[in-house]
Amino acid sequence: MYLKKILLLLIFFIFISTSAYGVQTMDAKKNAYIHNNKGLMYLQDKYYFGAIKEFQIAIDLNPNTQASSVFYTNLGNTYEAIGYYDLAQNCFEKALSLNVLYFDYYLKLAENYKKQNIIDEKLTEFQNKEYYPLNDIMIGLLYIQKGYVTTGITILDDFCNKEENLIITEGVRNYIDKLVKEKL
């Protein structure tokens, strides 16, 4: 009887201990968001080295997805905060390549080109590319960044009229409305 109780207790503890050490799967996507959020906190605290590391970990955990475009943008913002505009450019370009229908990425990239004083070079590059409707967004933004606001608005407005059913068109229209209100 005594031996039976000890055996039952032993079996009971074995079951409890094995369930505590059960197999857990790592959710890389969830961990990427955690690292991104940690990076945002570091960026807010101006701890740039930590922010860069956290955003890079987030990118490494969830590369080449639409969600990682946010991580690249945050990394680019961090590089801009410390004056590394060329590194920020790479991040913004990668973010845009992962999510081509999000207007703010175009705007960030055009502003970055202005900070590097390469607007004329990039404007020529986009104008010489094979026709792709979304390039008109960048061309319009580059004209605006260059100071030719009316020309830029006209190009963006033409884009909106040609591509009225795209998701990005609403963002472009909102930007045009904002510029027009500022001009008045």
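Let's start with the lining of the largest pocket in this predicted model: by class, that lining has nine nonpolar, two polar and four charged residues. Here Ala, Val, Leu, Ile, Met, Phe, Trp, Tyr, Cys and Pro count as nonpolar, Asp, Glu, Lys and Arg as charged, and the others, Gly among them, as polar. The volume of this pocket is about 180 Å³. Of its 15 lining residues, L96, L109, F126, K129 and N135 are the closest to the centre. Helices α5 (85–98), α6 (103–115), α7 (119–128) and α8 (135–146) each give two or more residues to the lining.

A word on terms. On a 1 Å grid over the protein atoms alone, a pocket is an open set of points where a 1.4 Å probe fits, with protein on both sides within 12 Å along at least five of seven lines, and lining residues have an atom within 4 Å of a point. Points are joined across faces, edges and corners, and the volume is the space filled by probe spheres set on them.

Residues are numbered from 1 along each chain as its sequence is written, and side-chain values use heavy atoms, with hydrogens and water left out. As this is a predicted model, local features need pLDDT of at least 70 and side-chain atom pairs count only at pLDDT 80 or more, while totals for chains, interfaces and linings use all residues.

Now the fold. The chain has 10 helices and zero strands; these are DSSP runs numbered from the N terminus, helices being H or I with at least four residues and strands E with at least two. Of the 184 residues, 36% count as buried, where buried is under 20% relative accessible area, exposed over 50% and partly exposed in between, using a 1.4 Å probe and protein chains only. Among contacts between residues at least 6 apart in sequence, 50% join residues at least 24 apart, a contact being heavy atoms within 4.5 Å.

On to the core. Which residues touch the most other members of the largest nonpolar core? They are I137, M138, L141 and V172, out of 44 residues. Such a core is a set of buried Ala, Val, Leu, Ile, Met, Phe, Trp, Tyr and Cys residues joined through side-chain atoms within 4.5 Å. Among the elements giving it two or more residues are α3 (48–61), α4 (68–81) and α9 (149–162). Leaving out residues up to four places away in sequence, M138 touches L96, Y106, L109, A110, Y113 and F126.

Beyond neighbours within four places in sequence, T169 contacts F159, C160, E163 and E164.

Finally, the loops. Most residues other than glycine have a negative phi. K46, though not a glycine, has a positive phi of about 65°. K46 lies in the loop between α2 and α3 and counts as exposed because its relative accessibility is 59%. N117 is also not a glycine and has a positive phi of about 60°. Is N117 buried or exposed? N117, in the loop between α6 and α7, is exposed, with a relative accessible area of 70%.
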